[in-house]
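Thanks for coming, everyone. I'll keep this brief. Please have a look at the chain on the screen.

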Amino acid sequence: MKKFFLLLCAALLVLGSALPLVSYRLTRAVLAPEMPAASEDAVPSVPPAASGAAEAPSADSETFRFEDSSTGQVVELSRRDYVLGAVAAEMPVSWPDEALKAQAVAAHTYALYCRDHSAAENGAWLTADPARRQGCLTEPVLRSYWGTAYDENYARLSSLVDEVLDDLLTYENAPACTSYFAISNGRTEASENVWGSALPYLVSVDSSTDLAADNYEYTVTFSAEQVQQALAGLGISADLAAPESWFGPAELTAAGYAKALPVCGQIVSGTALRRVLGLRSTCFTVQYQSGNFSFTTRGYGHGVGLSQWGAKAMAEQGAGYADILAHYYPGTQLLR
């Protein structure tokens with residue numbers, strides 16, 4: 001009995017130390033303002049990989065396959081249903097026509113890029129989570145999400161998707177890695193600084209209109225204990241006796257994102273720190289005061305490829321979807 005009591009106490013102590021960070025993430029998921037859903041976090045599922053030129057463009061597909069990360073099942077959708085569901089997951093249907101069409105071409109092309117580079121044994125090209133409104137929304141989810149506005153929203157979005165359903169963005173005669181995200185810090189990031197592979201069309205470009213995006217700047221506060229717990233996920237043992245010395249100045253990429261920084265005597269990449277803390281961007285600053293760390297981020301997402309808020313701004317300024325795609329994926333060709 002005594003042994004059981006001691007084991008129970010130990011379990012409660014471990015659970016108690018984990019609850020603050022879990023509680024923060026759950027609260028943030030519920031209360032965070034609505035934004036485009038592109039998160040690297042699903043895009044890309046397959047890291048960019050440099051390859052030689054193909055002899056001809058990869059043939060399009062009539063059936064698209066993704067793994068539902070909630071169920072583990074492979075979902076098959078028609079090309080039209082996939083593209084429509086991907087756009088609905090990534091942008092509000094009320095956004096400008098040309099931004100939605102740019103997103104449709106990017107989502108379509110990106111899925112084909114994943115098809116051509118996937119090694120998944122189950123045959124899925126990439127992952128999505130319709131129930132959590134990530135990556136691609138299926139019809140039942142769309143009906144629940146849009147409610148009484150389903151017919152109106154579906155008519156509007158399907159009409160726009162149909163206009164560009166045969167369009168693809170290519171580089172060297174193959175579908176390009178047309179990754180996308182919500183908001184940049186004012187410039188997009190080069191792919192090698194996030195995924196380690198340089199692609200000539202995933203380079204840093206101006207996206208200064210993002211500075212006016214909703215919730216461009218966001219501050220989150222963690223206790224020292226929460227940060228200590230997160231750093232343990234990187235194999236770092238942080239001394240609670242001196243938390244003010246844990247973080248050193250970051251080395252920045254040319255676009256202003258954190259490339260790497262000293263953490264408790266070790267060099268940690270900005271992307272790794274963003275991942276374990278659940279930060280919105282690798283463009284961040286950190287301050288310590290009275291037992292708490294405050295991380296202020298600028299932008300939202302991995303920063304590579306198309307900025308969705310930037311696409312919205314360009315469309316509002318009169319740019320067509322082809323112009324938007326050419327800006328964010330320089331050097332690619334739009335096949336219509």
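A definition before the helices: axes here are lines fitted to C-alpha atoms, over the stretch in contact for helices, and angles run from 0 to 180 degrees between N-to-C directions. One caution: this is a predicted model.

Now the helix pair. Helix α2 covers residues 79-90, and helix α5 covers residues 150-164. Their axes come within 10 Å and cross at roughly 115°. The crossing of α2 and α5 is right-handed.

Which residues meet there? From α2 we have Arg 80, Asp 81, Val 83, Leu 84, Val 87 and Ala 88. They meet Tyr 154, Leu 157, Ser 158, Val 161 and Asp 162 in α5. By class, that contact of α2 with α5 has seven nonpolar, three charged and one polar.

On to the cores. The largest nonpolar core has 65 residues. Phe 66, Tyr 82, Leu 157, Ile 324 and Tyr 329 have the most contacts inside it. Helix α3, residues 97-117, gives the most to this core: twelve residues.

Take Tyr 82. Beyond four places in sequence, Tyr 82 is in contact with Phe 64, Phe 66, Leu 77, Ala 107, Ala 111, Leu 126 and Cys 136. Another core lies apart from the largest one, with 22 residues, including Val 227, Leu 231, Trp 246 and Phe 293.

Last stop, Thr 282. It sits in the loop between α8 (270-277) and β11 (284-289). Buried or exposed? Thr 282 counts as buried, because its relative accessible area is 7%, and the cut-off is under 20%. Leaving aside neighbours within four places in sequence, Thr 282 is in contact with Tyr 257, Ala 258, Gly 270, Thr 271 and Arg 274.

Conventions:
Residues numbered from 1 in each chain as written. Predicted model: local features only at pLDDT ≥ 70, side-chain atom pairs only at ≥ 80, totals over all residues. Heavy atoms only, no water. Helix = DSSP H or I, 4+ residues; strand = E, 2+ residues; numbered from the N terminus. Buried < 20%, exposed > 50% of the residue type's maximum accessible area, 1.4 Å probe, protein only. Contact = heavy atoms within 4.5 Å. Left-handed = near helix turned anticlockwise from the far one by under 90°. Nonpolar A, V, L, I, M, F, W, Y, C, P; charged D, E, K, R; others polar. Core = buried A, V, L, I, M, F, W, Y, C linked by side-chain atoms within 4.5 Å.
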